[in-house]
Amino acid sequence: MRRTTGETIIFWTLPAVAVIWVAAFFLFPGFLPPMSPRAPAAEVADFYLDHTARVRYSMILLNWFCVALVPILMLIVERMRDMTHRTPVLRYCMIGCAGAAPITFLTATVFWLLAAFRPDRSPDLTLLFNDLGWVTFTCGVPFLVAQSLFLALAIYLDEQEEPVFRRWVAHFNVLVAAALVPAGFAGLTLSGVLAWDGFLSFWVRNVAIAIWIVVMSVVLGRSLRRDSAAAEAAEAAEAAA
Amino acid sequence: MKRLAWRGDPKRELWLMWYATLIFYNVFTVVFFVLTRTQPPAPPWYDADQATAWFAHRHQGLLVGFALMFALGGLSMTSTALITYSIRRMSVSRAFAYSYLILYAVSAVPGLLLICLAMTVGAMRPDRDPAIQHWLYDFGFLSFSGTMGVFLVGSLIWMAAILLDKNRVLPRWFGYLNLCNALTEVVVSPAWILDRGAFSWNGTIAWWINVAVFGMYTGVFITLLRNMIIREDFGTGPLPDLPPRKPRQRAAAEVAEVAS
Amino acid sequence: MTTTQTVTAPTEKTPRRVPGESGMWFFVLFESLVFTSYFGVYLYYRAQHEAAFLRAQSHLDLWLGVLGTIALLTSSWSVARCVQTARVGRYRLALRDAALTAGFGAVFLTLKSIEWARQIHMGNTFTSGDFFQYYFFFTAIHCVHLLIGFVALGVLAYQLASPRRRSQEIVETCATYWHTVDFLWVLIFALLYVAR
């Protein structure tokens, strides 16, 4: 009971984080539609001159809260304890990814904030920071891909009557990993579906992340409820005895 | 325990980690040595125009190679997890295992991701201002070679755990080899100071000798982790010897008995 | 486990191929190989620019180098004595020898610091020319080894301090490390100060 109370609190930070993320996503003027990698330096510099405030505030928000998913990921890691694994290696993998992935996003916000800090900087430098921000944001998927794969593997190896997460969650995670992989190739081209404003690298990738968060939170919420019910039953049984 | 044993090998998680480690280091080698040819590193004494030409010349290789790293780089966590597990299996505090896990998870960003970012951004626009290309060139190579502390302290943590361990998870000589690996991180530090000679980022000492030590270290620990998995008995006491050795010893003992 | 037995039993009864732990000898061999390759690189570059190297070398104070070498050689002698006295069970004397070793090590460190300070004062730093790159690299990496040596001496003293520990194998292992540091210095000294 005690354990799940704290976990429930962590779990309910999720809607707040989601609201902030969505707000930051709409507040950043370069996401809808995504900025074009083909824009010349002067145009990019103008963008930061025109939208200085919105870039700054949205990225400060993201800088605060892009790491806010870490506690939620740790809830998943805790659920993995109940899986029928012989060793903690998959949990270690998840913890490692949970550390490395948010730092990647944090780095992206730093580059965007740098670009907006002195928008009157030489356009070439603004373009550099813009490129670094976008490439970090878009290509920085290795630990997200790995995280989904490790989680899927963990679920596949969880062989009990009532598994912690159902099998379809594993299939779903593999699918998400597959949807994230193309974004890693965003550097290859400045136009088309792979470019950082392209269908695969921007829309598929970000929608996949959003759906992953929604689906995993529903699944996690259910398993949390089951755990706390079990804990309550155990407490009641103890009290009766 | 029995409920698990019926479905395949109880060591399958460890084996999956081990094979993923093997795949990662192979992909890593192909990406850095073949596709991007960022190892051995390009000369640190290149001026802005030469660095710009270098990016233009390597355009496709850099982009494809590092895209592969962006896609598969997360596999690096498997070796970290397996090594963390090896420490966890030792008769030492969990603090060692967790320290190693955190240090090497953190190392992924400065030690691997930054070079991918800098080189991708550099190769993306070969027509960028040469001064900026030059900076990206330095940034890529120096962040890769010059990320030292996490590996230095991480190796020392592993070393200390091995030397204190009573479960014989890994041989003690490998503990000392960790010290050799940690020392390479000291030896590479002049790469931040000098742009030519044996101590620069592609120098004979700071790169070639260091890479030889690191390569040996990596090959050795992959082999030793394999042995560890074979020996694993999922207990908490000392790990048994490698199975193939036992029959041979027993056979020798029997021969000796018969002879006497 | 087995090591504590060897303490109580005379060492002659348990024939070991090498003093101390064999893992440490692996380390000695490996580090020797690594340093040999460093020396090879140094000699190669030295041969390329012999005049410049000789000119820079003349800035070194040979006497400071000789004094440092004597200090380290003496420390090697005292750590060897420490192993001997520990072997016959005279642990208080062995502890005194360990302290003596650390003392000579500290003398070496002091001499090294004086020498570095003098060179830097003269304007010879890590970035002033090829010879001084190697000079500072070799002396610094050796210094790192020496500092690790103090940790080894600490382990040695810890073993000797209590009757519950006193593993002769660990004592010998630490002493082996200390000898290696000394041995590497002799080579570095010969290459940097003496070779003309």
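Predicted model: local features only at pLDDT ≥ 70, side-chain atom pairs only at ≥ 80, totals over all residues.

Student: What makes α2(B) and α4(B) roughly antiparallel or roughly parallel?

Tutor: Their packing angle is about 165 degrees, and their axes are 9 Å apart. Angles under 35 degrees count as roughly parallel, over 145 as roughly antiparallel, 65 to 115 as roughly perpendicular and the rest as oblique. So α2(B) is roughly antiparallel to α4(B). Those axes are lines fitted to C-alpha atoms over the stretch in contact, with angles running from 0 to 180 degrees between N-to-C directions.

Student: Which residues of α2(B) and α4(B) meet?

Tutor: B:V27, B:V31 and B:L35 in α2(B) meet B:G61, B:V64, B:G65, B:L68, B:M69 and B:L72 in α4(B). By class, that contact has seven nonpolar residues, two polar and no charged. Ala, Val, Leu, Ile, Met, Phe, Trp, Tyr, Cys and Pro count as nonpolar, Asp, Glu, Lys and Arg as charged, and the others, Gly among them, as polar.

Student: How do you know that chain B touches chain A, and how many residues are in contact?

Tutor: Two residues are in contact if their C-beta atoms, placed from the backbone, lie within 7 Å. On that basis, 40 residues of chain B are in contact with 38 residues of chain A. On the chain B side, α6(B) gives the largest share, eleven residues. That side divides into 29 nonpolar, six polar and five charged residues.

Student: And what does chain C put against chain B?

Tutor: 19 residues of chain C are in contact with 21 residues of chain B. α2(C) brings the largest share of the chain C side, eleven residues.

Student: What makes a residue of chain C count as buried, and what percentage of the chain does?

Tutor: A residue is buried if 20 or more other C-beta atoms lie within 10 Å of its own, exposed if 12 or fewer, and partly exposed in between, with C-beta atoms placed from the backbone. Of the 196 residues of chain C, 36% pass as buried.

Student: How many helices and strands does chain C have?

Tutor: Chain C has seven helices and zero strands. Helices (H or I, at least four residues) and strands (E, at least two) are DSSP runs, numbered from the N terminus.

Notes:
Residues numbered from 1 in each chain as written. Chains lettered and ligands numbered in written order.
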